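Here's a quick tour of a few local features worth a look in your viewer. Have the coordinates open and follow along.

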Amino acid sequence: MDSRFIDGEIERRSLNVEGLKRSILEHLVYSVGKDTHAAASHDWLQAVVTAVRDRVVDGWMDTTRAAYDQDAKRVYYLSLEFLIGRLLRSNLTNLGLYESCRQAVDLVGVAFDEVLESEPDAALGNGGLGRLAACFLDSMASLGLPGCGYGIRYRFGLFEQRFERGWQIERPEQWLQFGNPWEFGRPEVLYPVQFYGRVEETRDHDGNRAYRWVDTENVMAMAFDNPVVGYGGRAINTLRLWSARPTHSFDFNLFASGDYMKALESKVMSENLSRVLYPADSHLAGQELRFKQEYFFTSASLQDILRRYRQHHASFEALPDKVAIQLNDTHPAIAIAELMRQLVDLNGVAWDQAWEITTGVFAYTNHTLLPEALEAWPVSLIERVLPRHMQIIYDINGRFLQRVRAQGGSDHQRLSRLSLIDERGDRRVRMGNLAFLGSHKVNGVSALHTELMKQTVFADFHAEFPDRITNKTNGITPRRWLLEANPGLARLITSRIGPTWLKDLTALKDLTAKVGDVDFREEFRRVKRRNKIKLANLISRRMGIEISVDSLFDVHVKRIHEYKRQLLNLLQTVALYNDMRANQTVDWLPVTKIFGGKAAPSYHMAKLIIKLINDVAEVVNHDPAVLDLLKVVFLPNYNVTAAEIIIPAADLSEQISTAGLEASGTGNMKLALNGALTIGTLDGANVEIKDAVGAENIFIFGLDAEEAGALRQGGAYNPREVIAANPSLRRALDMIAGGTFSPDEPHRFHPIVQALTDGGDHFLVTADFADYQQTHEAACALYRDDPDAWTDKAVINTASMGWFSSDRTVAEYAREIWNAQPLLRDGEDEGQAD
C-alpha cells in the first residue's frame, strides 16, 4: 500500500493538536477549494467540521458493525422535528476534542469563537417536541443503545422570525445556504412513496382477497445521514433525514416547446414535501401538504427499517424482538396503517399476524391533552391521498369495535369515543386513537400528564387496556444544557464534586453540601453575573436595548400559545409598570422581562399577543419614569443557540401554563438546572420539580388541574366579575383596550380583551392573575432583600435536577417499553454493559 495513503489515514485519525491543524488546512484546500487568504468564515467552518467528521466516521462504522454482529434490537425514533441546534461544539465536547480543536484553529490564525458562531442552527424543529427528540438521540448514543432518528430534511425549516413594527414576519430559514458539512447524502438510499391512485381487489394464490394500490403518483425519498455522537464516543448513531425528489425532475419536451414552468412542475411539487416544517394548515392545500409530509417520511422510514431487518432475517416473526419504533406524538401515527400495508399487501403476512407484529413494534408518546392538537384528518382527504390506508384504518376499526362489542360493550356513546372515526359532522380519522390502538405502550411525559391522559383524552382506551399507559417524565441532556451552555457553572461544579455528573446527573445532589458555603455562593453568583452580562451584550447588539445586569432577569421563552399564558405575564408587567409610575419613592427592584418564542403562521391570536408584547415594550422602554426600573425585551427568532445564552442568565423561570394543559415542559428543567428559580403553576413537570427542589425553593401559584377543570365546568366563573374586583388587573386591561400601547390603532387588541371577558377566559388568565401578581412580588422581594437566600435556593435547584436527565428517561424507555440493551463493547459480556 502507498505509504502516503497510510500516513493520510493516520493523520485523518489523529486526535492531537498538530494532526487536527493539518487536517483542517488540508480540507480547506482540497474539500472547500480555498486557501487561507480567500477563505470566509463559512469556508473555515466547513474545513473544521469536515476534519472533525473524519474523526467520527470510524466510530460510526464501528457502532453499525457492532449492531449487526450482535444482532441487537434497534430503536427507531420517528419525529417530525429534531431541534438539534449547532453541532460543532456538541460533537467536539462528546468526543473530548474541544480544547484540542480550539488550539488547532488558533494555530491556523482563525478565531475559534468566530468559527463556532458561523454555524447555523439546523432548521429541523420548533419547540419542546423537537428539542426532546434531540436530547433523546444524544442520550441513546451516550448510553450505547443502537438507535436511529428518522425525520425530514427541511429546506427552510419552520421560519426565521423577524419583527416589523412589532408584528411577527416569517422568512425562510436559509440554514442550508452553504450546505450541511455534517451530513452524508445517500443517493443510493432512495425509496418510492406513493400518493393518490386507486385500489384493486384481487385474489391471492389461496383464493383470499388481496389488494393492489395502482395508478399512483410517486415521489422519491432520498436519505441524508447525520452522525449522532454519544458522550465519550460510547456509540455513534444516525439521524436519517428524508429529502423529497421527483421521479422525473425535468420534462425536456415541454421545455423545448417553450413551457418552461410546466417542464419543472413535477420537481417543484415533489420537493414541496421537504421544503417547510408545518406548512400553514388554514387552507385545504396546506392541510393536504402537511398530511402528505407525515406519510412521506413514515413510509420511507418503514421501507428502510424493513430492508435493514430483512438483510438478516428470513421472516417477519422476530420483528418485535429486533425493532422498536417510537412515535413522537401523532404526526407519524399513519405508520400504523403503513406497516400493516407493507406486511399484508407487499409481503403476504396474514392480517392477524401482521397486527400482532405491528402492535409489538410500535409505542406512542402523547404530548398534549388539547383536543385540537390531537390530529384528526378528514376521511375524504385520506380516501383521496391514501386510499388503501383508509381501507386498512376501516378494517382495524371494525375488528376492534367488534371485539369490544363481543366483550359486552354495548354503550353506543363509549363505542363512538373508542372509534378511530369521529362520525360527528365532517368525518375524521382520530390519529391519537390510531396511535394508541396500534401500540403496545403509550406514555405520557410527566406524572400529572399521564394521570390526566387516563382520566380525559384516553379514559375509554385506558379502561379497555389498563396496562398500556405508562409514564416517562421528560428529561434533558446535561451535556448540551449545562456543560456546553454554561461552562462557567460546569467548571465550578466539577471543581467541587468531580466530573461524575456528566454521565450520572444524580451526582449533582452532592452540591447540597455547598448550600450556605460563603465561597461557593459567591462563585456561583459570579458565574450567573457573567452569564447575564453575555445576554445583556447580545440584547444590546441585536436590539439596541440596554439592560441592567443588576436587574432581575425574568425569562419566559417558549412557543407562543394561549395556554402557555405569555398574556398573564404581560398583564402583570403592565400592572407593575403602573405601580412603578404611581409610586416613584418606593425602592423598586429593577426587573427585565425577557420573552422569546414563535407563533404558528396561521395562529392569529398568538401573533397578536406577540404584537402586544412588542407594543408594551415600546412604551415601557421609552418612559423616563421607569427607565432604570423596568425593561421588556422580546428577542426574535428564538432557537437552540439563543436558548444557550438566555437560559444560563435567567434568574426567574416563567412556567405559568394553565394547570392541566402543559404535558411536561423541558424548559423548566433547563432553567432550574442552570440556577433559575421557577415561578409556576402545578402543571406538567412543575409538579415533579417542586417535589425535587422542595416547596420552599419554588414559587407556586394559581389553580391546580382539578380546580381549573372544576371552575370551567361549574359554569359559575365570570371573568368580568374577577376583573371588576381587581383594580390592578382592570386598569391593565383598560389600557390595552383603550389604545395606550397602540395609539395608531386604539382597537387593535380588542380580540385579546374580548377573549378574556365575553369570551369566557378559557385559559383562566384572570382567575390566576391576583395570585400570580402576589407570588411575583414575593419573588422580587426575596431577590432584593436576601440575595444570599436567593442564591442558596438557586444552588438547591441545580443540585436537585439529577432525576431530570434524558439519560434516565431513555434508560426507562429502553427497559420498560423498548426492551433494548446497550451494545457490548470489546471485551464485555452480556450483563456488563452499563
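## A helix over the sheet

Which strands does helix H23 lie across, and at about what angle does H23 run to S19? Helix H23, covering residues 518-543, lies across S17, S18 and S19, and runs at about 70° to S19. Keep in mind throughout that this is a predicted model.

The sheet itself is an open one of 6 strands, in the order S19-S18-S17-S20-S21-S22, with parallel pairing. Its edge strands are S19 (630-635) and S22 (699-700), each of which pairs on one side only. As a reminder, strands of a sheet pair through backbone hydrogen bonds, either parallel or antiparallel.

Now zoom in on S17, residues 552-557. This strand is mostly covered, with 6 of its 6 residues buried. Leu552, Asp554 and His556 point one way, while Phe553, Val555 and Val557 point the other way, and all are buried. So a charged residue, Asp554, is among the buried ones here, given that buried means under 20% relative accessible area.

On the pairing side, S17 and S18 (residues 591-596) run parallel and are joined by 6 bridges.

Head over to helix H2 (residues 17-32) and helix H5 (residues 98-107). They pack at an angle of about 55°, with their axes 8 Å apart. That angle makes H2 oblique to H5, and H2 passes H5 in a right-handed crossing.

Who's touching whom? On the H2 side the contact uses Val17, Leu20, Lys21 and Ile24, and on the H5 side Ser100, Cys101, Gln103, Ala104, Val105 and Leu107. Sorted by class, the contact has 7 nonpolar, 2 polar and 1 charged residues.

## Two positive phi values

Arginine 165 has a phi near 55°, a positive value in a residue other than glycine. Arginine 165 sits in the loop between strand S3 (160-164) and strand S4 (167-171). Is this arginine buried or exposed? Arginine 165 counts as exposed because its relative accessibility is 70%.

Asparagine 819 also has a phi near 55°, again positive in a residue other than glycine. Look for asparagine 819 in the segment after helix H35 (806-818). With a relative accessibility of 53%, asparagine 819 counts as exposed, the cut-off being over 50%.

Notes: Residues numbered from 1 in each chain as written. Predicted model: local features only at pLDDT ≥ 70, side-chain atom pairs only at ≥ 80, totals over all residues. Heavy atoms only, no water. Axes fitted to C-alpha atoms, helices over the stretch in contact; angles between N-to-C directions. Helix = DSSP H or I, 4+ residues; strand = E, 2+ residues; numbered from the N terminus. Parallel < 35°, antiparallel > 145°, perpendicular 65-115°, else oblique. Left-handed = near helix turned anticlockwise from the far one by under 90°. Contact = heavy atoms within 4.5 Å. Buried < 20%, exposed > 50% of the residue type's maximum accessible area, 1.4 Å probe, protein only. Pairing = 2+ DSSP bridges.
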